[in-house]
Amino acid sequence: MTDFVSETQRTISIDEIKVDESIDPRSEVRSDTKIHEYLDNIDRMPPILVDQNNRILDGIHRYKAHLLDNRDTIKVEVVEVDDDTDAFIKSVKWNAIHGIQLSEFDKKNIAIKLWRFGVSDQESSEILSLSSRTIHRHVAEAKNQLKEDRKNSVSVLSAEGFSTREIAKILNEESPHPITGETVRKYLIQYIESLVITKHNNGWSVEQIEADLIKMHPEQVKNGLVSKTLENYVPKFTEELDDDVEGVVEATTEVEPTTEAEVQERAEAKSDVDEEKDQDSNRIHVKMQYKLLELGTKMGLKVWVASDDRSKSFEGKLFSELPAMLSTLPTNVRARVSQSSERVDVLWLENNKVVAAFEVEHSTSIDSGLLRMSDMSIELNDADIAINIVAPSDRLEEVRKKLNRSTYKKLGLTNSCRFISYDDLANKFNDVMNTAETHDGWQDLLDEIAFKL
């Protein structure tokens, strides 16, 4: 974007001036008081700022004062801009430092417009002198609407015969906010799942569902999405296997041990299996913690791992030696939280404040993690902390049922806690780590991968 470059002031016909609402930072309501104030001092007013196409960048009230005074000409100063985004940003900056103060309503609309132009939350935060959290709150509704619009577009484009890659390309041409083929695929899976479940609940047979999906989404048949969804979400697919499964169970059922040696051997074998399961669970737990820590670092945050896990490592990288890892929690946090809160699996911090908390629950009880994060939120008196359960996708319903308990409803977790599946975390990790692009921020990352319960 170009910096402010002052050209020679000139006087032009007032009919040449253009008011473009797309680059106007203020709401439609204008101040008649300010217009009349300028009217009384019109000859002492500085020139209005316009771009090379005579669109007003700053000075709408001065312009209206000239119209009210029936002036034929107006003094202008021309500023070269690169494009509409550059014009809007310059207009925002100039309107923010003088004249009528921008209202909260204006600031919210500006934040949304900046986001739609493709400006990152961090840039918007600097332009409007607002915190990144406030910016995120202002544009959250617009972001959610874009997500829903894209989900609808994905289903429509799929029915029109476009492939996943082609759909991603079309959507990226419509918006400055990139969408990956993997995200398109996720939306398609969700859409096909909903179709399968609805049709199945309405009494359609497997064959009817499959025939309908083949006709509606031929490209998704080719890439296997349809067959995968049918296998996962239509119980009838497994019914014909019941007899075979029973036969296998009967054939493999072992005779109960009769001697003390056999009993001991069986106990040792079971112990080995249990130990192997525990080791596998621990490896996965550590892997997910590492991904969360690295993602937080990539988002420009400080990170914290549970005090009991600081000595752990993943692929030779010690958690305690990660560059954004805090050796101790900030004083303002440490002074208020209990030891239990310090054992939350992963924390993200921004400006010495906890902004997100994560509990990885591979096979252990969901309750302990929920209570730890809830305790911490209460201790810090901060309901805005993003609370997340990270677990295998097949635990989603279990988490949802837990959160329907009266205890969690009273604590506010039912509406604030979100679910992140291992697959979504892994996909986003690979996406973020394998690109040099700057992402909008940690809030957007969580909005993309976290499922609101």
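Here is a tour of a predicted model, with a few stops at charged pairs, helices and a surface patch.

**Stop 1: Asp20 and Arg55.** Select these two residues. Their side chains form a salt bridge, with the closest N and O atoms 2.9 Å apart. Arg55 sits in the loop between β2 (48-50) and β3 (56-58) and Asp20 in the loop between β1 (10-13) and α1 (32-40), so the pair ties together parts 35 residues apart in sequence. Arg55 is buried at 11% relative accessible area, while Asp20 is partly exposed at 23%. The whole model has 24 salt bridges.

**Stop 2: α16 and α17.** Show residues 366-379 (α16) and 396-403 (α17) as helices; their axes come within 11 Å and cross at roughly 55°. That angle makes α16 oblique to α17, and the crossing is right-handed.

**Stop 3: Asp367.** What does Lys402 form with Asp367? A salt bridge, its closest N and O atoms 2.7 Å apart. Lys402 lies in α17 and Asp367 in α16, so this pair ties together parts 35 residues apart in sequence. Both residues are buried. Next, pick Arg405, whose side chain also meets that of Asp367 in a salt bridge, at 3.5 Å from N to O. Arg405 belongs to the loop between α17 and α18 (406-411) and is partly exposed, at 42%.

**Stop 4: the surface.** Finish with Leu371, Ile378 and Leu411, a nonpolar surface patch with about 250 Å² of accessible area together. Ile378 is part of α16 and counts as exposed because its relative accessibility is 53%.

Note on methods
Residues numbered from 1 in each chain as written. Predicted model: local features only at pLDDT ≥ 70, side-chain atom pairs only at ≥ 80, totals over all residues. Heavy atoms only, no water. Patch = residues over 30% accessible without salt bridge, like charges linked within 9 Å, V, L, I, M, F, W, Y side chains within 5 Å. Areas by Shrake-Rupley, 256 points an atom, 1.4 Å probe, with all protein chains shown as cover. Salt bridge = Lys/Arg side-chain N within 4 Å of Asp/Glu carboxyl O. Helix = DSSP H or I, 4+ residues; strand = E, 2+ residues; numbered from the N terminus. Buried < 20%, exposed > 50% of the residue type's maximum accessible area, 1.4 Å probe, protein only. Axes fitted to C-alpha atoms, helices over the stretch in contact; angles between N-to-C directions. Parallel < 35°, antiparallel > 145°, perpendicular 65-115°, else oblique. Left-handed = near helix turned anticlockwise from the far one by under 90°.
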